[in-house]
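Today I want to look up charged pairs first, then a pocket.

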Amino acid sequence: MTMESVDAVEVKAEETQMTEVSVSVPEEEKTVGKVDEAAPKTVEKSSSYREESNFLSDLKDNENKALIELRSKLEEAILGNNLFKKEPGTESKEEQPAAAEEKEKEPEATDGTAQEGEDKQSSNDVEQPGEVVDRDITLWGVPLLPSKCAEGNGVILLKFLRAREFKVNEAFEMLKKTLEWRKEFKTDSILEEELGQDISSVAYMNGVDREGHAICYNIYGVLENEELYQKTFGTEEKRSQFLRWRIQLMEKGIQNLNFKPGGVTSLLQINDLNNSPGPSKKEIRIAIKQAVSLLQDNYPEFVARNIFINVPFWYYAMNALLSPFLTQRTKSKFVFARPSKVTETLLKYISVEEIPVQYGGLKREEDTEFSVEDGGVSELVFKAGSTTTIEIPAPEVGSTLVWDLTVIGWEVNYKEEFVPADEGSYTIIIQKGKKMGSQEGPVRNSFRNNEPGKVVLTIENNGSKKKRVFYRYKTKNCSSF
């Protein structure tokens, strides 16, 4: 039921350098399948890369052929000024009387003259003398004219081809409609607009996944607030404004993508359905239907995966109603997680230090304690019915120790102590032992020692399943204050 469930996508692209494309294609066919080794690559290919390859050399023969055909059609359309629909009265002053005079002189078509007319029509598909041709048409910052040999050209075209199962004519029509829509919607200037300050908590970009995809969070539970809901969806005008704001956020996310071969060219969507308005809300149903059509038709292959978390039972019925409007390719990217499986599911795609604390991870907004420079997170797994300890050394007096810890699913006993190095000193209880239920969030704590020793974190697993623990710590010496 999210606005972005509609554009679940993965991304693809091309090889390195594009061979010059003219209306005739044979020269390019000779170079298909070869990779320019001198061209820059941002990511090396590897067997662990889950998305379809962006390198031209990895395409199947029929996919290579489809890409060549689409480039040829696009080249002809741009040079022939046929990419966009021509509005009435847009002909030049010289063209209008000439066309009228030609029409008056034109005799009734015979079989022979009809064929001649068709030949003349086909000759208009290429650039004519005196005709102004826009060779600088771009999409998401990438020049579309194939003969410009823009590095990201194949990446963009492959998105449309994959969205239409490499059916060239359908992909070409989709591309043309997208360009027309962007022109009408004024999408290219949308980043300059001031939109949606009051609803910025509904959706936002935050962090990256394990493969470098920027993550977009859609938090629909905030719409439980009736005032905010009415402000967002109360009227057709407000729904249109919301949709425009949401498109703006999508365009902001695309600014972070890299359309060069091997670059990250798609986003990861996380849709939190906790406390989200139910299917009885007519306004949100209308907005969803609009978004399904708009985003799927105009943003092909821009979402690597669409993850739905805190999924209520009613949503499965809602999804069944939306399903006919989605392509099979889109639906194949959906992942659903019940409330008890949120952290476990997110960990498959996102490292724990990039998962926000509200979802069981260690990421805190404007964190002043931990940063990338502090190193990674450690993980340990311990069996059912066992106890494990984590020791944080504190050999220097006056140091401040800071730690983060989370247990997936919790349901354990947990305590924190400072154990002095001097056996004659007393152990200090930092956190009394307590039962940590499944709804517990990650733990962050700190301790300043007055004598050498160590902090010991003890976790008892009295359950029947093994547990995963993630933790990190740092020591701030008194000299660093």
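**Entry 1: a pair of neighbours.** I started with Glu-417 and Lys-415, whose side chains form a salt bridge at 4.0 Å, N to O. This is a predicted model, so I'm reading every distance here as a property of the prediction. Next I checked accessibility for both ends. Glu-417 comes out at 19% relative accessibility, and because the cut-off for buried is under 20%, it counts as buried. Lys-415 has 31% and goes down as partly exposed.

**Entry 2: how many salt bridges are there?** I asked for the total in the structure. The count is 20.

**Entry 3: a pair across the chain.** Buried or exposed, I wondered, for Arg-162? Arg-162 is buried, at a relative accessible area of 5%. Glu-52 is partly exposed, with 27%.

**Entry 4: a loop-to-loop pair.** Lys-148 and Asp-136 were next, and the closest N and O atoms of this salt bridge are 3.1 Å apart. Lys-148 lies in the loop between strand E2 (142–143) and H5, and Asp-136 in the loop between helix H4 (111–123) and strand E1 (138–139), so the bridge ties together parts 12 residues apart in sequence. I logged Lys-148 as partly exposed at 39% relative accessibility. Asp-136, at 55%, counts as exposed.

**Entry 5: a network.** I also found salt bridges joined up into a network, with Asp-367, Asp-404, Arg-444 and Arg-472 as its members.

**Entry 6: the second largest pocket.** By type, the lining splits into 13 polar, 8 nonpolar and 8 charged residues.

Which element gives the most to the lining? I got helix H12, with 3 residues. H12 (342–346), strand E10 (400–407) and strand E15 (467–476) each supply at least two.

Notes
Residues are numbered from 1 along each chain as its sequence is written. This is a predicted model: local features need pLDDT of at least 70, side-chain atom pairs count only at pLDDT 80 or more; totals for chains, interfaces and linings use all residues. Side-chain values use heavy atoms; hydrogens and water are left out. Helices (H or I, at least four residues) and strands (E, at least two) are DSSP runs, numbered from the N terminus. Ala, Val, Leu, Ile, Met, Phe, Trp, Tyr, Cys and Pro count as nonpolar, Asp, Glu, Lys and Arg as charged, and the others, Gly among them, as polar. Buried means under 20% relative accessible area, exposed over 50%, partly exposed in between (1.4 Å probe, protein chains only).
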